[in-house]
Amino acid sequence: MRAAERPTDPAGTGWSARLHVVTGKGGTGKTSVAAALALALAAGGRRTLLVEVEGRQGIAQLFGIDPLPYEERHLADAPDGGEVRALAVDAEEALLEYLDMFYKLGAAGRALRKLGAIDFATTIAPGLRDVLLTGKVKEATTRTSGQRRAYDAVVLDAPPTGRIGRFLNVTAETARLAKVGPIKTQSEGVAALLRSPMTAVHVVTLLEEMPVQETVDAIADLTALGFGVGKVIVNATRPPLPAGRAVTAAELKRGLVAAGLPADREIVAGLHDEARDQLIRRELEDSLRADLVELGLPMVELPLLPDGVDRAGLATLAQALVRAG
Amino acid sequence: MPSEDAAPQLDVDQILADPGVRIIVCCGAGGVGKTTTAAALALRAAEQHGRRTVVLTIDPARRLAQSLGLTELDNTPRQVKGIDVEASGGELHAMMLDMKRTFDDVVLQHTDPAKAAEIFANPFYQAMSSTFAGTQEYMAMEKLGQLHARGEWDLIVVDTPPSRSALDFLDAPARLSRFLDGRMLRLLLAPARSGGRSMFSLVTASFGMFSKVVQKVLGAQLLTDLSGFVAALDSMFGGFRQRAEQTYRILQARETAFVLVAAPEPDAVREAAYFAGRLREEKMPLAGLVLNRVHRPAAPELDAEQSRAAAERLTELGGHEATADVLRAHAALARQAVREQQVAARFTEAFPAVPAVSVTAQPADVHDVDGLRTIGAAISRP
């Protein structure tokens, strides 16, 4: 392995890959986690790139900014002079860029785009779109300027668990259609990077049944396809309950009185119901956590943010990610 | 609650009982409980309203599928046993969409067996019928059209695919049928035919070049497969578009009710709002919004700050750890409830006339018929 390709972790963050692919079931908060990871890895004067590929403009919405163009631009400052840049990869733009590189299409390319031909081309070959998207990610990950790499780390807000295997398995998809030519070569190059130790796929989940099931399935799938799974990131966890046991109504009433709160029958009954639901929920969460531990992968727990994910919340998540790394 | 005062209450039972409503489409972002909501509505229609109901699920969680008796993906509705329909006389059938099989059936229906075999063997068809972005949406529509045409059911409840965007369900069929109609395909495969006029010269020249580039980039084999596919499908082109348009019209009819499903999270609510706007543009009948997983404190008299402070006092005091735990959990719950109301209000402020109903979060996940019944009751009687 050449020195320039060796995964490095100078900041000692525990996140040694250079390309971090973040997936998870819809609704688990993978975009927030990807953004927080990009912030965390940029701390200490480093530069990271946060990439999205599904045209959802999730990054722009998360940061409350205008939709991102197909262009790398400044997104946020990280502690101690670091910088996070962002890119929304668009398959059509990537194809035009790619064709320009090889065939100098120029104005003809723009005309084709107007006709919808580019959309058409990315549509007729199902794997082509994914090769173009991952190809752009590869280019950004391996780009150098002078002696230095353009980015210390690239974080990809990837498609959800249901589609991640197919998305990353670019060679298999294109091999079915393109047997020769630059697309085949391109997809082989992308596949080599994605399967190397430079890439880690992280799976974001909640302590809920379906996301945990999809996490377990996706990890089996990714492993079988030869991708390196990095960490299981458990999002929106709640602090443990110090007492952690069932409480009686009488006990609750005494407690409320001692705290100087109203302790009429409705309040006691309401709180008692909440406590019961809470315990059911916690027991389920414990058993789901045990299922995740069984996977034998490094696990990171992120706190539930009571006020939602704003900039302060992202900083909290970033800190938790580095601490846990 | 302010967010609920603003919107009229969605009366699900009225929709389920209305014999004029023959199709319910559940749509929304991924991970909001769409499949569970669809199954719960279908069960309630059968048990409470005596309707002969079929629920078309796309990708149900394994245990939910099992609870509906869906052990294999066989693309045919199966009657769900062990539900309580004695009094109502209703029936519940359930099926899981098999996208490839549905596509194969469409091909078989439109062409003779020899030609169908040729199409099935084409690598381009194989790739498209299983991985084309949008095939799942298109096939869900196709299946809905088929079930509707069979006329065997009083009510069809459809769950929509977990798309990139909920809007894909509306757009993908049109996109696919446009593609299969093959104007672009013909241009690509026979660029010379469309040329001649000066007005089109740039287009034609671009296309000739494009065709060459595609050959170079993807290899000539792809174009050969593609032209084989186009030739074989030639007789079916009109059919594809016609079917997609037919289903689209059914979705605009009075017999259809769209139910938006969301959770009180910014992304899910934003998606629901986009969808509501789109349905309005398309003149499609939006029945209302089901807001799942809403947290509601059972002791609303105590606010978050009050409870948190009391928990601190008890910890200092000692001897009341369990009560302090309960108060801390209550404070978190109350705070979450306030935030959820703010998020939900973004929808109700944008669409004040759309009826909405909130469903309280269940302590455990739902994966049996009893659980579905509870959800159905919660949607109907909040």
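In chain A, 71% of the contacts with a separation of 6 or more are between residues 24 or more positions apart. Two residues are in contact if their C-beta atoms, placed from the backbone, lie within 7 Å. This is a predicted model: local features need pLDDT of at least 70, side-chain atom pairs count only at pLDDT 80 or more, and totals for chains, interfaces and linings use all residues. Residues are numbered from 1 along each chain as its sequence is written, while chains are lettered from A and ligands numbered from 1 in the order in which they are written.

**Chain A**

Chain A has 325 residues, and 48% of them are buried. A residue is buried if 20 or more other C-beta atoms lie within 10 Å of its own, exposed if 12 or fewer, and partly exposed in between; the C-beta atoms are placed from the backbone.

Chain A holds 13 helices and 10 strands. Both are DSSP runs numbered from the N terminus: helices are H or I with at least four residues, strands are E with at least two.

Eight strands of chain A form an open sheet. Their order is 3-4-2-7-1-8-9-10, and the pairing is mixed. Two strands pair if DSSP finds at least two bridges between them. Strand 3 (73–78) and strand 10 (299–303) of chain A are at the edges. Each has a single partner strand, so one side of each lacks a neighbour in the sheet. On average, neighbouring strands of this sheet are turned by 25 degrees against each other, direction ignored.

Inside the sheet, strand 2 (residues 47–52) and strand 7 (residues 153–157) of chain A run parallel, joined by five bridges. Thr48(A) has Ala153(A) in strand 7 as its bridge partner.

Helix 10 (residues 209–224) of chain A lies across strand 1 (19–24), strand 8 (199–205) and strand 9 (229–237). Helix 10 of chain A runs at about 165 degrees to strand 8. Axes are lines fitted to C-alpha atoms, for helices over the stretch in contact, and angles run from 0 to 180 degrees between N-to-C directions.

**The sheet of chain B**

Chain B also has an open sheet of eight strands with mixed pairing. The order here is 3-4-2-5-1-6-7-8. Strand 3 (78–79) and strand 8 (356–360) of chain B have a single partner strand each, so one side of each is without a neighbour in the sheet.

| Strand pair in chain B | Bridges |
|---|---|
| Strand 1 and strand 5 | four bridges |
| Strand 1 and strand 6 | five bridges |
| Strand 6 and strand 7 | five bridges |
| Strand 2 and strand 5 | four bridges |

Start with strand 1 (residues 23–27) of chain B, where five of five residues are buried. Both faces are covered: Ile23(B), Val25(B) and Cys27(B) are on one side, Ile24(B) and Cys26(B) on the other. In strand 5, Ile24(B) has Val157(B) as its bridge partner, and Cys26(B) has Asp159(B). In strand 6, the partner of Cys26(B) is Val259(B). Val259(B) in turn stands opposite Gly288(B) in strand 7.

Strand 5 of chain B is mostly covered too, with five of its five residues buried. Leu155(B), Val157(B) and Asp159(B) point one way, and Ile156(B) and Val158(B) point the other way. Leu155(B) in strand 5 stands opposite Thr53(B).

**Helices of chain B**

Helix 3 (residues 34–49) of chain B lies across several strands, including strand 1 and strand 7, and runs at about 170 degrees to strand 2. Helix 8 (residues 135–150) of chain B lies across strand 1, strand 2 and strand 5, at about 175 degrees to strand 5.

Helix 16 (residues 321–350) of chain B has 30 residues. Helix 16 reaches 44 Å from its first C-alpha to its last, close to the 44 Å expected at 1.5 Å a residue. The expected span is 1.5 Å times one less than the number of residues. A kink of about 30 degrees is centred on Ala344(B). The bend at a residue is the angle between axes fitted to the seven residues ending there and the seven starting there.

How do helix 14 and helix 16 of chain B cross, and at roughly what angle? The axes of helix 14 (residues 266–281) and helix 16 come within 8 Å and cross at roughly 10 degrees. That makes the two helices roughly parallel. Angles under 35 degrees count as roughly parallel, over 145 as roughly antiparallel, 65 to 115 as roughly perpendicular, and the rest as oblique. Among the residues that meet are Val269(B) and Ala273(B) of helix 14 and Ala344(B) and Phe347(B) of helix 16.
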